[in-house]
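Here is a short report on one protein chain. Keep the sequence and the model side by side as you read.

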Amino acid sequence: MGKVTYAPGIQFVNGSLAKPKKQNGHNHGDYLIGTHRIAATTNPDCNRLYLRKKVKRSTPLSAREAQIRTRFTAVTRAVALRAKDLMNMTTDQANFLAQKDQPGGKKTMKAYLWSICAAAYDAEHNG
């Protein structure tokens with residue numbers, strides 16, 4: 001395994017070192033990611049570099065994948081709108097707090113709103 005040695009004065013690097021350029025809101029190109037793991041081990045080599053190459057899809061988008069993407073986009077928009085809706089905010093907060101500590105309850109407000117909006121989308125589009 002290769003080792004990463006930084007210049008004197010640089011203890012570690014964490015995160016994206018080289019990002020690809022953005023086109024139409026999407027990243028196109030290679031990533032260079034550096035990580036530094038802090039753990040109680042005897043191994044002093046805790047730095048890692050990863051290079052992620054651009055991947056070109058080999059199969060066309062299936063109808064099911066298109067449906068999943070459409071649902072995700074719609075639910076994301078619904079969650080963003082509902083989080084800012086003053087008519088539902090107080091009720092949503094009270095209902096969230098009531099279910100949070102129950103078995104199977106959503107632990108974050110965003111997860112709770114996702115469950116509500118996803119259920120509404122599914123009811124509207126699946127019968």
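**Model and confidence**

This is a predicted model, in which local features need pLDDT of at least 70, side-chain atom pairs count only at pLDDT 80 or more, and totals for chains, interfaces and linings use all residues. Residues are numbered from 1 along each chain as its sequence is written, and side-chain values use heavy atoms, with hydrogens and water left out.

The chain averages a pLDDT (the predictor's confidence in each residue, from 0 to 100) of 81. Of its residues, 72% score at least 70. Confidence is highest in helix 1, at a mean of 94. It is lowest in strand 3 (residues 26-28), at 66. Where pLDDT is low, the predicted coordinates should not be read in detail.

**Layout**

The chain has three helices and five strands. These are DSSP runs numbered from the N terminus: helices are H or I with at least four residues, strands E with at least two. From the N terminus the order is β-β-β-β-β-α-α-α.

Buried residues make up 13% of the 127 residues. Buried means under 20% relative accessible area, exposed over 50%, and partly exposed in between (1.4 Å probe, protein chains only). Take contacts (heavy atoms within 4.5 Å) with a separation of 6 or more: residues 24 or more positions apart account for 30% of them.

Helix 3 (residues 109-126) has 18 residues. From first C-alpha to last it reaches 25 Å, close to the 26 Å expected at 1.5 Å a residue; the expected span is 1.5 Å times one less than the number of residues. Tyr112, Leu113, Cys117, Ala118 and Tyr121 are buried in this helix. Their cover includes helix 1 (63-84) and helix 2.

The largest nonpolar core has eight residues: Val75, Val79, Phe96, Tyr112, Leu113, Cys117, Ala118 and Tyr121. Helix 1 and helix 3 are the elements that give two or more residues to this core. Helix 3 gives the most, with five. Such a core is a set of buried Ala, Val, Leu, Ile, Met, Phe, Trp, Tyr and Cys residues joined through side-chain atoms within 4.5 Å.

**Aromatic pairs**

Rings of Phe, Tyr and Trp (its six-membered ring) pair if their centres lie within 6.5 Å; planes under 30 degrees apart count as stacked, over 60 as edge-to-face and the rest as tilted. The count comes to two pairs.

| Pair | Centre distance | Plane angle | Class |
|---|---|---|---|
| Phenylalanine 72 and tryptophan 114 | 5.5 Å | 40° | tilted |
| Phenylalanine 96 and tyrosine 112 | 6.0 Å | 55° | tilted |

Phenylalanine 72 sits in helix 1 and tryptophan 114 in helix 3, 42 residues apart. Phenylalanine 72 is exposed, at 52% relative accessibility. Tryptophan 114 is partly exposed, at 24%.

Phenylalanine 96 lies in helix 2 and tyrosine 112 in helix 3, so their pair ties together parts 16 residues apart in sequence. Both of these residues are buried. Leaving out residues up to four places away, phenylalanine 96 touches Lys106, Lys107, Thr108, Met109 and Tyr112.

**Aspartate 92**

Helix 2 (residues 86-100) also holds aspartate 92. Is aspartate 92 buried or exposed? It is buried, because its relative accessible area is 3%. Its side chain makes a polar contact of 2.8 Å with that of arginine 82. A polar contact is a pair of N or O atoms within 3.5 Å; within protein, one must be able to donate a hydrogen and the other to accept it, and residues adjacent in sequence count only if both atoms are side-chain atoms. Beyond four places in sequence, aspartate 92 touches Arg82, Met109, Tyr112, Leu113 and Ile116.
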